[in-house]
Amino acid sequence: MSDQLAKKPKTLKDWLNTDSFRDSVNQALPQHLSSERFQRIAITALTRTPALAKCTQESVFKCLLDLAAVGLQPDGRVAHLIPFKNECTLIVDYKGLIDLVLRSDEYVKIKAELICENDEFEYNLGEVTKHNINLKEPRGEPYAVRAWVTLKCGAVDDEVLHRDYIEKVKKASRAGSSGPWKDWEFEMWKKTAIRALCKRLRLSPEIQQGVTLDDDQFNFKKEVKVAEPVVDGAFIEEAIAEDSHPELE
């Protein structure tokens, strides 16, 4: 009995190193990813954000299995594991959304770019007809953001959101006055536009599952008591409120 207790994982890091965790991940992962690599990245995420060690094993396990199921990794680039008190929270980066969309055979490129006062920009009935940027001159203040996807046939589908709309999204966010909305606001503009675009793309159920993976984080801040995430200087994107924005449906 004492030998069994000695072998039982005592910490979250010990548990991530177990064969049982790797086997569980292996059952969820798509074929192009190895459970060994996923396991190493998960342990690295724990090392990079020590506060994750205080999270419940159940919440960490759920986030990791959700990522494994759609073939994303918590590498701090496409997805992030964020501790809120003792619960692990999953945030999918806009680069993770791009990764997912490009797995579809229908799309060859998806990007997002700010639209600034000095840009040459023309937009008519849902179609961007001109967007030229002169990098030799100051671009001026951003007033909108554009996300677009190029289909395999060459057609382009655009999503353009004005600053006023972005401000409404920001105000509805759980952390609209702090975190990435404060430190990386224009990156959040891009994520907002990409999410809006993804909502209407023709994606397989598996890819759509990945696109909406962090939807449980999209809450009105008045309904949620915000707990500041503890991170080690890494860029973490806060999910945005969705229910109040029918254009994201």
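This is a predicted model: local features need pLDDT of at least 70, side-chain atom pairs count only at pLDDT 80 or more; totals for chains, interfaces and linings use all residues.
User: How is a pair of packed helices described?

Analyst: Two packed helices are described by the angle between their axes and the distance between the axes. A case here is the pair formed by helix H6 (residues 94-101) and helix H9 (residues 185-198), whose axes come within 9 Å and cross at roughly 30°. Because angles under 35 degrees count as roughly parallel, H6 is roughly parallel to H9. The crossing of the two helices is left-handed.

User: Which residues make the contact between H6 and H9?

Analyst: On the H6 side they are Tyr 94, Leu 97, Ile 98 and Val 101, and on the H9 side Glu 187, Lys 191, Ile 194, Arg 195 and Cys 198. By type, these residues divide into six nonpolar, no polar and three charged.

User: At what angle do helix H7 and H9 cross?

Analyst: The axes of H7 (residues 163-172) and H9 cross at roughly 100° and come within 11 Å. Angles from 65 to 115 degrees count as roughly perpendicular, and H7 and H9 are therefore roughly perpendicular to each other. Arg 163, Ile 166, Glu 167, Val 169 and Lys 170 of H7 meet Glu 185, Trp 189 and Thr 192 of H9. The residues of this contact comprise three nonpolar, one polar and four charged.

User: Why is H6 described as largely enclosed by the rest of the structure?

Analyst: A residue is buried when its relative accessible area is under 20%. Six of the eight residues of H6 are buried, so the helix is largely enclosed by the rest of the structure. The buried residues are Tyr 94, Gly 96, Leu 97, Ile 98, Leu 100 and Val 101. They pack against several elements, among them helix H5 (57-70), strand S2 (87-92), strand S3 (107-116) and helix H10 (205-211).

User: Is Arg 146 buried or exposed?

Analyst: Arg 146, which lies in strand S6, has a relative accessible area of 10% and is therefore buried. Its side chain makes a polar contact with the side chain of Asp 158, at 2.6 Å. Leaving aside neighbours within four places in sequence, the residues in contact with Arg 146 include Lys 111, Glu 113, His 131, Glu 159 and Ala 193.

User: Where is Leu 125 found, and what is its phi value?

Analyst: Leu 125 is found in the loop between strand S4 (120-124) and strand S5 (127-132). Its phi is near 55°, a positive value in a residue other than glycine. With 82% relative accessibility, Leu 125 counts as exposed.

User: How far apart are Lys 54 and Leu 12 in sequence and in space?

Analyst: Lys 54 and Leu 12 are 42 residues apart in sequence and 8.3 Å apart in space, C-alpha to C-alpha. Lys 54 is found in the loop between helix H4 (35-48) and H5, and it is exposed, with a relative accessible area of 69%.

Note on methods. Residues are numbered from 1 along each chain as its sequence is written. Side-chain values use heavy atoms; hydrogens and water are left out. Axes are lines fitted to C-alpha atoms, for helices over the stretch in contact, and angles run from 0 to 180 degrees between N-to-C directions. Helices (H or I, at least four residues) and strands (E, at least two) are DSSP runs, numbered from the N terminus. Angles under 35 degrees count as roughly parallel, over 145 as roughly antiparallel, 65 to 115 as roughly perpendicular and the rest as oblique. A crossing is left-handed if the near helix is turned anticlockwise from the far one by less than a right angle, and right-handed if clockwise. Contact means heavy atoms within 4.5 Å. Ala, Val, Leu, Ile, Met, Phe, Trp, Tyr, Cys and Pro count as nonpolar, Asp, Glu, Lys and Arg as charged, and the others, Gly among them, as polar. Buried means under 20% relative accessible area, exposed over 50%, partly exposed in between (1.4 Å probe, protein chains only). A polar contact is a pair of N or O atoms within 3.5 Å; within protein, one must be able to donate a hydrogen and the other to accept it, and residues adjacent in sequence count only if both atoms are side-chain atoms.
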